[in-house]
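Colleague: Please put the model up. I would like to go through how the chains pack.

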Amino acid sequence: MPSPSNTIQHKGTHHAPARSWAWLGVVPFLLFALLFLLLPTANIIVGAFRNAGGEWTLANIYQLFQPSILASYTISLKISIASALLGGVIGFAIAVAVVQGDLPRWIRAPLMTFSGVASNFAGVPLAFAFLATLGRLGLVTLLLRDWFGINLYATGFNILSFWGLTLTYLFFQIPLMILIITPALDGLKREWREAAAMLGATTTQYWLKVVFPILLPSLLGTFALLFANAFGAVATAYALTGSSLSIVPIVLFAQIRGDVLQDPHLGYALAFGMVMITLVANSIYLWMRARSERWLK
Amino acid sequence: MNTMTSRIWSWLVLLVAIIYFGLPLLGTFEFSLRMLRGTYSFEAYRVVLADPQFQATFGYSLLMACATIVMGVVLVVPTAYWVRLKLPHWRPIIEFITLLPLVIPAIVIVFGYIRLYNTSSWLPLTGTAWSTDLLMVCGYTTLALPYLYRAVDTGLRSLDIATLTEAAESLGASKFTLIWRIILPNVSVAILSGAFLTFAIVIGEFVLAALLNRPAFGPYMQLMGANRAYEPAALAVIAFALTWLCMGLIQLVNRRQRHLAVPQHR
């Protein structure tokens with residue numbers, strides 16, 4: 001770091017000094033990121049392309065295409081897409097209802113606070129909450145049985161299933177959507193609505209031809225974020241289903257713990273696959289966000 | 001769609017949302033009261049709170065959360081300040097790095113830790129309990145980075161850093177004094193918001209603690225869930241109340257900020 005006197009000298013000229021040591025100031029941060037974020041990830045990615053003897057290979061990646069692993073990726077993708085899609089649509093509907101003023105103004109503040117809470121209420125306790133509600137002895141299961149004579153579990157429903165997990169994930173997906181999309185909805189200018197109305201557009205036309213195209217990047221981007229959010233989640237699924245639903249993060253968790261240690265390098269490949277999928281999803285998010293910022297200033 | 005139908009629609013959506021979000025909370029609370037047969041009681045809470053394992057793991061996670069907040073602040077505040085003051089062209093890179101923990105799943109990061117810092121590696125952090133704790137705090141700091149950095153950076157944006165720095169330095173303040181006595185108090189609201197969020201993330205975190213094999217609150221809850229019936233519901237209610245408390249505190253400090261900020265700047 002330069003001494004204080006140096007700093008003041010440079011300040012007057014506004015030119016970067018010929019040889020600046022300013023970059024030294026971010027070295028601690030970069031070192032931390034390198035040690036606890038970049039190197040560990042790089043280690044896993046490189047490991048996915050190496051065999052036990054340390055030679056380069058694609059064998060681990062090929063192993064991902066065995067039926068049981070492919071099935072894991074499929075169910076993971078299905079749950080992530082379903083919960084992101086449903087969470088996105090429902091969250092959007094709630095946000096629109098509040099922002100467009102069809103609901104009283106005072107609902108907004110508590111809704112945003114609750115969204116902040118619920119979007120962070122993931123993991124083990126969330127699984128408990130849904131077990132206590134929709135499990136075999138849960139409140140809703142019992143009420144349906146006693147009040148309406150419906151045996152929920154006889155209808156084929158199970159909380160430890162695709163729909164059970166999707167329903168549970170929605171508890172943090174919907175609020176996350178509300179938190180992200182509300183500022184975007186606030187960014188819609190009143191003039192656009194008035195201009196559309198003046199030109200004779202119906203409300204439906206205004207939504208389809210004005211709002212939707214403007215919000216499309218935000219919507220797609222947020223969808224990608226929700227997807228990645230669900231795809232990487234371990235704790236909720238693990239506490240809810242144990243190992244009975246083999247989504248990718250749970251298979252990887254079991255691999256690391258050594259519960260099913262068939263091949264340590266398969267673990268690397270599984271992790272690599274996860275990173276690739278969330279990377280694609282998040283690249284879409286960042287790209288879309290950059291596009292949507294053009295309109296929503 | 002006329003105003004009337006659109007209003008009915010909106011109320012319907014809100015109603016469905018209230019049922020969807022209300023029922024699990026109600027269900028959990030009701031379930032947590034069922035421990036004694038035939039009557040509602042707080043027995044499950046009594047059992048949980050009296051469990052020495054609960055006290056130990058909760059205390060441990062509390063400590064981890066505080067350590068994470070301290071490490072996060074020490075790492076993020078000087079960096080964000082320095083980047084804004086001296087290295088504005090570095091900002092996209094730094095920002096990108098801080099967003100990476102949202103891209104890379106936590107389970108992959110901790111997998112990397114286990115591979116990189118195992119007992120036979122060049123830096124055997126998982127060798128002893130205290131160094132594993134250190135590794136875990138670093139891991140939690142990494143997970144909190146996106147939220148903390150963004151909060152602090154936004155807080156710094158409203159300050160005239162260059163002027164503050166020049167003023168402090170012309171009065172002979174050292175870099176440490178500058179950050180500790182000028183920058184830190186000015187972004188305290190942002191730091192507090194980030195800190196409460198970090199706390200909410202760390203206190204119930206499961207994956208890192210489970211895979212690094214440390215006795216934290218998250219794995220304890222999971223274990224209870226696998227073995228007990230009513231205690232998990234009580235734990236879920238406690239965890240929800242804690243999350244609520246954190247978010248409420250964030251709102252509170254932000255509101256205070258607004259009250260304080262207006263007269264200051266006018």
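This is a predicted model: local features need pLDDT of at least 70, side-chain atom pairs count only at pLDDT 80 or more; totals for chains, interfaces and linings use all residues.

Colleague: What percentage of chain B is buried?
Modeller: Chain B has 266 residues. Its C-alpha atoms fill a box of roughly 75 × 70 × 35 Å along the principal axes. The buried share of the residues is 44%.

Colleague: Which helix gives the largest share of the side of chain B that touches chain A?
Modeller: On the interface, 66 residues of chain B are in contact with 64 residues of chain A. By class, the chain B side has 45 nonpolar, 14 polar and seven charged residues. The largest share, 15 residues, comes from helix H1 (residues 3-32) of chain B.

Colleague: Are H6(A) and H1(B) roughly parallel or roughly perpendicular to each other?
Modeller: Their axes are 8 Å apart and pack at an angle of about 80°. Angles of 65 to 115 degrees count as roughly perpendicular. So H6(A) and H1(B) are roughly perpendicular.

Colleague: Which residues of H6(A) make that contact with H1(B), and which of H1(B)?
Modeller: By class, the contact has eight nonpolar, three polar and no charged residues. H1(B) brings Leu23(B), Pro24(B), Leu25(B), Gly27(B), Thr28(B) and Phe31(B). From H6(A) come Phe128(A), Ala129(A), Phe130(A), Ala132(A) and Thr133(A).

Colleague: Why are H6(A) and H11(B) described as roughly parallel to each other?
Modeller: The axes of H6(A), residues 124-134, and H11(B), residues 217-227, come within 9 Å. The crossing is left-handed. Angles under 35 degrees count as roughly parallel. H6(A) and H11(B) are therefore roughly parallel, crossing at roughly 25°.

Colleague: How many residues of the contact of H6(A) with H11(B) are charged?
Modeller: H6(A) uses Val124(A), Pro125(A), Ala127(A) and Phe128(A). H11(B) answers with Gly218(B), Met221(B), Gln222(B) and Gly225(B). These divide into five nonpolar and three polar, with no charged.

Colleague: Which residues touch the most other members of the largest nonpolar core?
Modeller: That core has 167 residues. Phe128(A), listed above in the contacts of H6(A) with H11(B) and with H1(B), is one of those that touch the most.

Colleague: What is Ala271(A) in contact with, leaving aside its neighbours within four places in sequence?
Modeller: Ala271(A) has partners in chain A and in chain B. They are Ile44(A), Leu252(A), Val108(B) and Phe111(B).

Technical notes
Residues are numbered from 1 along each chain as its sequence is written. Chains are lettered from A and ligands numbered from 1 in the order in which they are written. Axes are lines fitted to C-alpha atoms, for helices over the stretch in contact, and angles run from 0 to 180 degrees between N-to-C directions. Helices (H or I, at least four residues) and strands (E, at least two) are DSSP runs, numbered from the N terminus. Angles under 35 degrees count as roughly parallel, over 145 as roughly antiparallel, 65 to 115 as roughly perpendicular and the rest as oblique. A crossing is left-handed if the near helix is turned anticlockwise from the far one by less than a right angle, and right-handed if clockwise. Two residues are in contact if their C-beta atoms, placed from the backbone, lie within 7 Å. Ala, Val, Leu, Ile, Met, Phe, Trp, Tyr, Cys and Pro count as nonpolar, Asp, Glu, Lys and Arg as charged, and the others, Gly among them, as polar. A nonpolar core is a set of buried Ala, Val, Leu, Ile, Met, Phe, Trp, Tyr and Cys residues joined through C-beta atoms within 7 Å. A residue is buried if 20 or more other C-beta atoms lie within 10 Å of its own, exposed if 12 or fewer, and partly exposed in between; C-beta atoms are placed from the backbone.
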